[in-house]
Protein chains: 4
Amino acid sequence: METVNPADLQLILDEIAHSMAAATDRGQPATYIPELGRVSPDQFGIALCLPDGQQLSAGDAATPFSIQSISKVFTLAIALGRLGDALWQRVGREPSGAAFNSIVSLEHDRGIPRNPFINAGAIAVTDAILQGLQPRDVLAELLQFLRMAAEDDNIHIDKSVAASELAHAHRNTALAEFMAAHGNLQNPTALTIGTYCHQCAVEMSCVQLARAGRFLAGLPGCPRPVSPSRIRRINALMLTCGHYDASGDFAYRVGLPGKSGVGGGILAIAPGRASIAVWSPGLNAQGNSKLGAEAMEHLGRATGWSVFG
Amino acid sequence: METVNPADLQLILDEIAHSMAAATDRGQPATYIPELGRVSPDQFGIALCLPDGQQLSAGDAATPFSIQSISKVFTLAIALGRLGDALWQRVGREPSGAAFNSIVSLEHDRGIPRNPFINAGAIAVTDAILQGLQPRDVLAELLQFLRMAAEDDNIHIDKSVAASELAHAHRNTALAEFMAAHGNLQNPTALTIGTYCHQCAVEMSCVQLARAGRFLAGLPGCPRPVSPSRIRRINALMLTCGHYDASGDFAYRVGLPGKSGVGGGILAIAPGRASIAVWSPGLNAQGNSKLGAEAMEHLGRATGWSVFG
Amino acid sequence: METVNPADLQLILDEIAHSMAAATDRGQPATYIPELGRVSPDQFGIALCLPDGQQLSAGDAATPFSIQSISKVFTLAIALGRLGDALWQRVGREPSGAAFNSIVSLEHDRGIPRNPFINAGAIAVTDAILQGLQPRDVLAELLQFLRMAAEDDNIHIDKSVAASELAHAHRNTALAEFMAAHGNLQNPTALTIGTYCHQCAVEMSCVQLARAGRFLAGLPGCPRPVSPSRIRRINALMLTCGHYDASGDFAYRVGLPGKSGVGGGILAIAPGRASIAVWSPGLNAQGNSKLGAEAMEHLGRATGWSVFG
Amino acid sequence: METVNPADLQLILDEIAHSMAAATDRGQPATYIPELGRVSPDQFGIALCLPDGQQLSAGDAATPFSIQSISKVFTLAIALGRLGDALWQRVGREPSGAAFNSIVSLEHDRGIPRNPFINAGAIAVTDAILQGLQPRDVLAELLQFLRMAAEDDNIHIDKSVAASELAHAHRNTALAEFMAAHGNLQNPTALTIGTYCHQCAVEMSCVQLARAGRFLAGLPGCPRPVSPSRIRRINALMLTCGHYDASGDFAYRVGLPGKSGVGGGILAIAPGRASIAVWSPGLNAQGNSKLGAEAMEHLGRATGWSVFG
């Protein structure tokens, strides 16, 4: 395995941040959640954690942002810990070939979402965790997991974002009701969707997110909430399904497992080498951070960190 | 990177071959190509090539079989060498979320196949290589590529299988004509489909196939027909799209880039570690080798060779 | 226009009722609404109203049943009276080529249901009527419309059926929420779906339903709540879309505008000649009354009442 | 049945022709068949045949045009005469809810086209007629049928249009090959598609077409190649499926069975009252004659000839 000198890495991050600061075409922040639409697209941050415990960062790496769908990685980890392989009776493991919020394949597949990283699948995962609990307990467990993984207690839910999502949750509610019609929802829709909207509204900075991802990269000296074999499987799902209908393109260009959120964040994992978080609020046509994806491609090229050779 | 002792590896392969010989539920050989339906499902072979040049094998590893869709990996390598990124104007890079021979997404995407490993995409790739050449030239180039990569001149096309495919090529012809209707076919349909049916009818043994895959694993001391950055990208496509609508499941269970064929073969790549070929003719519901996929999962578990950590 | 002697007609109805009483394959009552699943499939009724004011009937023609989706004809008439052609901004006029409760075309058509007689379309129509009113006002208006059209005040909503529908309304709620996500729902989902479930639970007998349909047949001497040009258009929609994905088959076999409900009723219109209602609770694979459809085909053959010559 | 005075009818036709001559937005002639794209969109013709044997016309009613898909009505009549109800094992009777050349529903329905008036269905019908014959025999039979029905021997196939269609038949060939893959094509694809392209290239004027449609309207004193019960069923299919994905709209606006062709012609049937042909080459977004559809709506309003009351 080639190694990259940390000093060189810092230069790479600085160069990326500099180049992204100058970018003119920055994409559009998500508008379907009004609260997210207010975030300035001028921002860009990047942070990474290394096996030796070092943390590097550049740009707005300390600014908190809404992690949105990146939360799906952590709720999946929690759900697998709780239910084990029984979870896969409720959600599949295949790329969907469709948009993040599509309901078409849900009808074709009789209420079983294609994977845990499209909205329907993540709602099923949240519903599975919620079973027998109250939403506040589930959210507390998620925050505890994130704080433990990041070793940072300053991670919270942005209540105004959660409220904004809840007020515009018709499509997610449709997905939940459709699953309920097929017997694939265990809790009242309002409870599950309420929990889901709050989990998406967790706020973290790039630094916090990169730290929270260390366990997925298998970095030494950090908390290990999940077994190695399960980590591999979560990474596999991130690689095949982590960027909705642009997952293949991300694998092709970057070659690392990753998960994006409409808040503009991306968490990427270079197994054994680094946990990486980037953020820039403007999205591309597929709903992934435009500059974030470009930064990851730049970083991959500069470091050779692809899992593919 | 953990290393596995070659002696241990041979024991693992023997154990796999032994276990697969005893399997009772072996899947069903493909029947839509009559010539393939005649192959006995009792067979199983596995072979792998290592960085130190060693070759290990077990079972029917020297028996030639029809590589079928595994040929798509090599025609993609040839096409990228010939056209470079211009190829991506004719075919996408996303998992399809549908069966290998589905025409639905082709209508939705206006004649652009979702990726080069579903039938429509592979036909477009063959059509791109064929441009300005005769089918026999293209097939000669493919054989030359395979013989060079495997360092073995005893690789041929099975003419009776090719004829059987051509006699049952209605669905592939429909895909080609549909692309032609959208301006995404450059040669007469009969030429492209004729070439495609012959490329699928290449016969190789597990040993030959594992040797031909060494360049994708980046093993030292073998011919290098493709640049490292392009190898990474081919591997990425194999991981996200190599097993049709079971690609996510293979990534989840095995964690290696792979490509299956309806002849029952699978080529899998552990970058830097091994090139692996398995074969057993019986297929599962998704059209991939049933015992082959199980053997790969067994091997992955025993070696820890996942790209995901 | 050929005329059929009323005495002959009564013989035809008696023969139909006799033949249907003896039928062994009677279909299956709807089970997804438990209250409907309890109705005995042994029943069959038929009634018709003629231009001279005569009413003929046979079998269980006086037994009330749940009209279910047949209510969509009457809410459409009310909505067109209230909104006129503006209604067509919210719902289309084309056959859907899909099941009554499919959500697929709704995604493809961005929240605009294909026609007012599939569930999504009928929910949009109810939502349009509800605008600015309370559910009880809308339901009172519907009952008033039906009582006036049938000249019979003994028409009511079965509250236990309405409650049963509400308790199993996940799929309809999904359709409503999906439309809400596309801005095609004006009232809170619970209000619209609550109204919709109650309108479906109206109870009528074949005699009452045939009487309520007289205005669509343009029979003289009955109340005229809708203009002739609008009646033609409602009949056109019944013919092209009235039996979900079996509409073409009903047009082919019977040749009359008709609307079926999962309660087992069918209202059919022979313009200028008769208003016809049949009922038998067992459904065929498309969700239409099995014996009802057969009875209509028999009646059409015996009378030659097709609109097609 | 109301009657319209022939003198009044002539005035109505003149007014329609006058109004259509002045129309500025005339739609676009079909361009995917180059030969059709050369026809001037300035033309408009209308003709009708009445029960008393009178023929009325206005505008370019004597100008021959390519009847294209209107030929599907006549090949269906021939196929039903030859095969009877056995034809329905190869093609359905339901509106497709999709474009005329869509292949999506063909995959969903395993090679059985949804109805005989979309391209796939018409190809299956032609294939059924062709069984055991040569293309020239089938085309001779079609011409003979048309000449007999119109009582006019001057009806021919435009060879240059047929050649132009054949040169651009990729999509239709895809449909045929897809059906072949499902065992729903009996002849070599080239024979069936060759026949189909020629049948679409029949040239007729509005006057000839209206005369050829008299039997469908059941007008007295004309040849009767088809039984009354079968006529009703062909009319039913025209009403539910005759205008592709605008069939519901035509039924709603015009209320008559009709069949359109991309040459700009429409044949409409007012059972017992009139056979009507209109023609104007410019098409609307659904592929039907723009002015033709408007003229039919105007005529329907003026005469009250709807089948719906």
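Predicted model: local features only at pLDDT ≥ 70, side-chain atom pairs only at ≥ 80, totals over all residues.
Visitor: How much of the contact surface of chain D recurs in chain B?
Guide: Contact means heavy atoms within 4.5 Å. Chain D puts 14 residues into the contact, and chain B puts in 14 residues. The same surface serves both copies, and the share of the contact residues of chain D that recur in chain B is 100%.

Visitor: Which three residues supply more of the area that chain D buries against chain B than any other three?
Guide: Buried area is the accessible area (1.4 Å probe) that two parts lose on being put together, summed over both. Between chain D and chain B this area is about 1,300 Å², and carbon and sulfur atoms give 66% of it. On the side of chain D, 37% is supplied by Glu107(D), His170(D) and Arg171(D).

Visitor: Which residue meets Arg171(B) in a salt bridge?
Guide: A salt bridge is a side-chain nitrogen of Lys or Arg within 4 Å of a carboxyl oxygen of Asp or Glu. The rule finds two salt bridges across the interface of chain D and chain B. In one of them, at 3.4 Å from N to O, the side chain of Arg171(B) meets that of Glu107(D).

Visitor: Which helix gives the most residues to the side of chain D that touches chain B?
Guide: Helices (H or I, at least four residues) and strands (E, at least two) are DSSP runs, numbered from the N terminus. Two helices of chain D, α4 (104-108) and α8 (170-181), each supply at least two residues of that side. With eight residues, the helix that gives the most is α8(D).

Visitor: How many residue pairs are in polar contact between chain C and chain D?
Guide: Chain C has 30 residues in contact with 30 residues of chain D, and the area buried between the two chains is about 2,800 Å². A polar contact is a pair of N or O atoms within 3.5 Å; within protein, one must be able to donate a hydrogen and the other to accept it, and residues adjacent in sequence count only if both atoms are side-chain atoms. With both residues at pLDDT 80 or more, the count of pairs is 18.

Visitor: Which helix gives the largest share of the side of chain C that touches chain D?
Guide: The rule finds four salt bridges across this interface, including one of 2.8 Å, N to O, between Arg114(C) and Asp245(D). The elements that give two or more residues to the side of chain C are α12 (228-241) and α13 (247-253). The largest share, seven residues, comes from α12(C).

Visitor: How far apart are the closest C-alpha atoms of chain A and chain D?
Guide: Chain B and chain C have no contact, and their closest C-alpha atoms lie 11 Å apart. No contact joins chain A and chain D either, and their closest C-alpha atoms are apart by 11 Å.

Visitor: Which residue of β2(D) stands opposite Leu48(D)?
Guide: Two strands pair if DSSP finds at least two bridges between them. Strands β1 (residues 45-49) and β2 (residues 55-59) of chain D run antiparallel and are joined by five bridges. They form a hairpin with five residues between them, and Gly53(D) in the turn has a positive phi of about 90 degrees. Opposite Leu48(D) stands Leu56(D).

Visitor: How many residues apart in sequence are the parts that Lys290(A) and Asp25(A) tie together?
Guide: The closest N and O atoms of this salt bridge are 4.0 Å apart. Lys290(A) lies in helix α14 (residues 290-303) and Asp25(A) in the loop between α1 (6-21) and α2 (34-37), so the pair ties together parts whose separation in sequence, in residues, is 265.

Terms used
Residues numbered from 1 in each chain as written. Chains lettered and ligands numbered in written order. Heavy atoms only, no water.
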